[in-house]
Amino acid sequence: MPTGTQFGADAVQGAGACRYRTIGMLYLVMAIVAGLVGGLLAVGLQAGLLPHALLDAWAGGDTPGAMERIARRHGMMMVFFCALPALTGGFGNWFVPLLLRARALALPRVALAGWALVAASFVAVLAGLSPALPAQVSLLALLGWCLGMLMQGICMVATVLNMGPMGQRLRDLPLFVWAQGLAGMMAVMVMPVMAGGLTRIWLAGGDVSAHIDALLHAFSGPEIALLLLPSIGIVSQVVETFCARPLQMPRLVLGALVVMSVGGSSVWVHDLLHGGLAHLAAPSAAVQLGLIVAPVLVVLVAWAQTVRLGHMRASVPMEWAVGFVALLLAGSVMSLMPGGMADVHAATLYAAVFALFAGFYYWIGKMVGHVAPVGASRLHFALTVGGTVLSLLAFHGALGVLGAVLMGLSVLVFAGIVVQAGLRPGSTLPDNYWGPGARTAEWQVPSPAREKA
């Protein structure tokens with residue numbers, strides 16, 4: 001099927017605030033802020049560093065209730081407002097137009113409105129962690145998040161289908177573009193259903209907070225797939241570049257991503273509409289997990305073939321990509337154990353963080369005109385690896401606290417790298433500063449990239 005039309009081209013005339021680089025950077029900045037806030041909350045909670053007087057005043061005297069809400073919803077905050085917005089809204093809006101050689105997103109104002117809703121929802125979710133506020137605040141925040149991510153998904157699907165060169169075939173699109181389009185398609189399928197579930201909770205009344213937690217738990221299957229789809233797209237680009245070899249078995253990998261996106265969302269939507277939350281606790285959860293693990297194994301085989309036939313060279317992005325692969329393998333093993341879905345969810349969240357940093361260090365030069373310092377980048381990597389291992393193996397106890405501290409230090413190191421990247425004057429890197437292994441279209445434009453007039 002060919003792609004590429006004039007759809008959306010006229011709509012962007014004069015839309016300076018809706019440039020794809022601006023929207024992508026807004027998502028990335030929001031994700032960094034959410035990651036810093038969520039990370040420091042988690043470290044402070046686990047290490048007992050949160051100031052009790054301030055926490056007591058914020059919680060309206062119910063400090064244990066506030067700490068319980070922070071512990072219960074910290075993972076949701078990191079996925080909904082850090083990982084997913086950065087992977088889809090950040091890197092997706094920034095690089096899909098570059099890879100398509102397009103001058104704009106198909107629906108830039110829709111994407112900008114989606115960002116505004118997600119950002120406002122983050123503020124409301126933070127406020128809703130206080131027991132002094134009614135649970136309906138969190139409910140409204142999550143409804144806003146669903147709408148914002150739905151708008152981002154619609155914009156991405158429209159961009160992938162319509163903004164490429166005239167006559168370009170869909171099968172010839174880079175895997176990163178496919179992954180972003182499939183993640184957008186999955187969001188279009190699952191976000192309205194999740195919003196419907198939240199609306200039903202609002203109308204039913206009762207223990208709203210408990211019902212929200214139950215729905216968030218039931219959403220773990222689509223959530224894992226939504227994290228993995230763009231992550232696999234990023235890591236595939238990194239593996240191709242630093243192995244100087246095109247991805248092997250590309251059609252099988254693409255088929256695996258389609259199964260993960262369309263198959264996983266279809267099963268979840270059917271089960272939720274057919275039987276409600278109680279039905280999702282039945283064997284259908286195992287089916288959802290299988291629709292994730294089987295495609296992941298196909299992707300891992302393709303990457304292994306690419307590494308075997310290529311000449312892998314060391315680099316900071318490749319180190320993060322290797323960490324992502326290790327966590328995928330760990331998650332696949334965890335899925336075979338009792339209670340596998342919870343373990344896979346934790347491993348997938350950490351894996352998505354590794355994919356995020358692989359993309360950050362891979363594309364930072366294309367975004368700002370200079371690469372991150374290697375020493376600080378590798379210190380960041382080492383601290384994150386140590387914190388991840390300890391957090392997964394020993395969440396509670398002294399080792400768990402040490403893991404939280406290491407993750408906190410890694411957050412501070414990354415914050416320093418971001419500040420340095422933002423304050424340092426931009427320079428002109430070579431168009432392709434990673435060498436001959438980088439073959440996709442973004443490496444054929446200047447660094448930093450500039451949008452077409």
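Here is a friendly conversation about a predicted model of one protein.

Colleague: Before we start, what kind of model is this, and how are residues numbered?
Modeller: It is a predicted model, where local features need pLDDT of at least 70, side-chain atom pairs count only at pLDDT 80 or more, and totals for chains, interfaces and linings use all residues. Side-chain values use heavy atoms, with hydrogens and water left out, and residues are numbered from 1 along each chain as its sequence is written.

Colleague: What is the mean pLDDT of the protein, and which element has the highest mean?
Modeller: pLDDT is the predictor's confidence in each residue, from 0 to 100. The protein has a mean of 83, and 83% of its residues reach 70 or more. Strand β1 (residues 2–3) has the lowest mean, 54, and the highest, 93, belongs to helix α5 (residues 136–162).

Colleague: Over which residues does pLDDT stay under 50?
Modeller: Contact means heavy atoms within 4.5 Å. The stretch in question has 16 contacts beyond four places in sequence in the model, and it covers residues 6–15.

Colleague: How many helices and strands are there, and what share of the residues is buried?
Modeller: The protein has 14 helices and 2 strands. Buried means under 20% relative accessible area, exposed means over 50%, and partly exposed lies in between (1.4 Å probe, protein chains only). Of the 453 residues, the buried share is 56%.

Colleague: Is F91 buried or exposed, and what does F91 touch?
Modeller: F91 sits in helix α3, and its contacts, leaving aside neighbours within four places in sequence, include L28, F176, I234 and W363. The C-alpha atoms of F91 and M25 are separated by 8.5 Å, although the two are 66 residues apart along the chain. With a relative accessible area of 2%, F91 is buried.

Colleague: Where does Q180 lie, and how accessible is Q180?
Modeller: Q180 is part of helix α6. Beyond four places in sequence, Q180 is in contact with L87, T88, G92, V96, M156 and P230. Q180 counts as buried because its relative accessibility is 1%.

Colleague: How much space lies in the second largest pocket, and which residues are closest to its centre?
Modeller: On a 1 Å grid over the protein atoms alone, a pocket is an open set of points where a 1.4 Å probe fits, with protein on both sides within 12 Å along at least five of seven lines, and lining residues have an atom within 4 Å of a point. Volume is the space filled by probe spheres set on the points, which are joined across faces, edges and corners. The second largest pocket holds about 500 Å³. Of its 26 lining residues, the closest to the centre are L173, P174, L175, E240 and T440.

Colleague: Which helices each supply at least two residues of that lining?
Modeller: The lining of the second largest pocket divides into 14 nonpolar, 6 polar and 6 charged residues. Nonpolar covers Ala, Val, Leu, Ile, Met, Phe, Trp, Tyr, Cys and Pro, charged covers Asp, Glu, Lys and Arg, and the others, Gly among them, are polar. The helices asked for are α6 (175–204), α8 (220–243) and α9 (250–280).

Colleague: How far apart are G437 and A244 in space?
Modeller: G437 is in the segment after α14, while A244 is in the loop between α8 and α9. G437 counts as buried at 6% relative accessibility, and A244 as partly exposed at 41%. The two are 193 residues apart in sequence, and their C-alpha to C-alpha distance is 3.9 Å.

Conventions
Helices (H or I, at least four residues) and strands (E, at least two) are DSSP runs, numbered from the N terminus.
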